Amino acid sequence: MTQLLIQTSAETYGNIQAGSFRFINRLSNLLTAQGWSVSNRTKRRIDPLLDRIDRAYHLHEITGARGPRGLNFRRAYFYPWWMFDFPQQRYGGRIGDLSYVADAIDGTVARAFYADLQRHYLVGWGRGDPDGPALVPMQAELCRQRDWQFTDLAGLVSHIRAQDPTREVLLKTHPKLTYSDSDTALLRQLCTLQNVSLATGNMASLLGRAAYVATHNSAAAFEAMVLGIPSILFARTDFHHICPQVKQPGDAPAAFAQLRGPKPDFARYLYWFLELNCLHAGREDAEKRIAELLNTCGWPVAPILDL
């Protein structure tokens with residue numbers, strides 16, 4: 001019998017045990033019907049080692065998967081969409097490696113999907129202001145450049161000031177992080193620069209008046225697409241396909257020129273990303289989509305041909 005072990009945080013484990021995690025419920029139903037044994041437990045430090053030597057398949061929440069029988073799962077920015085990633089793909093992801101071809105997407109279907117997305121998410125949020133500031137949503141460890149980043153925070157701000165010198169720059173701290181003394185000192189230093197300041201207010205109000213988002217790979221850039229606001233990226237991410245990127249200093253002039261040009265077709269892209277490459281756990285065909293995605297990832301899951 002093929003075994004699947006789902007390894008999650010304690011909070012998610014509690015939701016699974018209570019039967020309230022719809023995505024895991026549907027995945028478990030699918031695999032159990034195909035003869036798999038499905039079990040759940042909270043993550044442990046020893047799991048990456050054990051995962052390599054047992055014969056089970058493993059599904060880890062967000063990160064932690066190892067080897068050919070491991071996958072990570074995480075929310076695809078908006079509930080109830082979910083995505084699978086291969087091991088070691090926390091930044092960039094399975095979708096980030098795919099090729100996006102806008103002309104292959106049905107524009108009518110995509111626009112209907114986009115309108116529905118706007119009706120249900122970020123309701124009441126503003127749609128940006130071309131004359132507004134550059135919004136910089138920050139993440140953790142501001143003083144160093146991590147291996148998935150193309151530059152550090154200071155370099156990101158420097159690129160904006162060099163390529164868009166009259167633009168106000170708003171630095172937005174992450175609401176769930178407590179910054180170190182060195183990070184706080186860096187923010188104070190950056191805010192002494194002309195036109196650079198620390199943002200106040202929530203993300204809804206800040207995006208509502210922003211001209212664009214400049215970030216490493218904050219989810220705020222994905223939210224901005226729903227609002228029709230462009231973004232420029234300075235790190236690996238899975239939603240890079242229609243965003244200008246500054247991977248090295250020489251990229252900056254062309255990337256900012258692209259940012260100032262016509263807006264991307266957000267409707268086609270979000271339809272491609274969410275509907276064609278992720279899973280909506282509430283859809284009637286959710287189990288069929290789970291089977292398709294797991295099969296694409298190389299797992300021995302039989303396709304569901306009829307609903």
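## Exercises on backbone and burial

Leu122 counts as buried, because its relative accessibility is 11% (buried means under 20% relative accessible area, exposed over 50%, and partly exposed in between, with a 1.4 Å probe and protein chains only). This is a predicted model, in which local features need pLDDT of at least 70, side-chain atom pairs count only at pLDDT 80 or more, and totals for chains, interfaces and linings use all residues. Residues are numbered from 1 along each chain as its sequence is written, and side-chain values use heavy atoms, with hydrogens and water left out.

**Exercise 1.** Locate Leu122 and describe its phi.

*Solution.* Start with the loop between helix H5 (107–120) and strand E6 (134–137), where Leu122 is found (helices, H or I with at least four residues, and strands, E with at least two, are DSSP runs numbered from the N terminus). Then look at the backbone: Leu122 is not a glycine, yet its phi is positive, at about 55°.

**Exercise 2.** Is Arg167 buried or exposed, and what does its side chain reach?

*Solution.* Next, read its relative accessible area, which is 18%, so Arg167 is buried. Finally, follow the side chain of Arg167 to the backbone oxygen of Pro130, at 2.9 Å, and to the side chain of Asp164, with which it makes a polar contact of 2.9 Å (a pair of N or O atoms within 3.5 Å; within protein, one must be able to donate a hydrogen and the other to accept it, and residues adjacent in sequence count only if both atoms are side-chain atoms).
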